[in-house]
Amino acid sequence: MQETIGDFGWAIQAIKRGEKVCRSGWNGKGMFLELQVPDFRSKMTFPYPYFTIPNCEEGTRLIPYAPTIVDIMSEDWEIAL
């Protein structure tokens, strides 16, 4: 069971602490957000962290995540277990 915590601001802080978060209403089982920080082996060259959603169907492939207004305004964010 996952613990419902709150809003998007809380989710951002949890991600910065290294937690994995998700929304209770997401349809994809096992989907979550985590912080991906590019390093010297990364194909990404952005000098800042970006969000990703692991694609469980394709193994370790990561998909960039841009929050929608619904995600930003929602209060059903929780720690992904």
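## Surface and burial

The accessible surface of this protein comes to about 5800 Å², and 57% of that area belongs to carbon and sulfur atoms; such areas come from the Shrake-Rupley method with a 1.4 Å probe, and for residues only the protein chains shown count as cover. The structure is a predicted model, in which local features need pLDDT of at least 70 and side-chain atom pairs count only at pLDDT 80 or more, while totals for chains, interfaces and linings use all residues. Residues are numbered from 1 along each chain as its sequence is written, and side-chain values use heavy atoms, with hydrogens and water left out.

Of the 81 residues, 31% count as buried, where buried means under 20% relative accessible area, exposed means over 50%, and partly exposed lies in between (1.4 Å probe, protein chains only).

## Helices and strands

The secondary structure comes to two helices and six strands, which follow the order β-α-β-β-β-β-α-β from the N terminus on. Helices (H or I, at least four residues) and strands (E, at least two) are DSSP runs, numbered from the N terminus. V70 has its place in helix α2, which covers residues 69–73.

Although S24 and W77 are 53 residues apart in sequence, their C-alpha atoms are 6.4 Å apart in space. Leaving aside residues up to four places away in sequence, S24 touches D76 and E78, a contact being heavy atoms within 4.5 Å.
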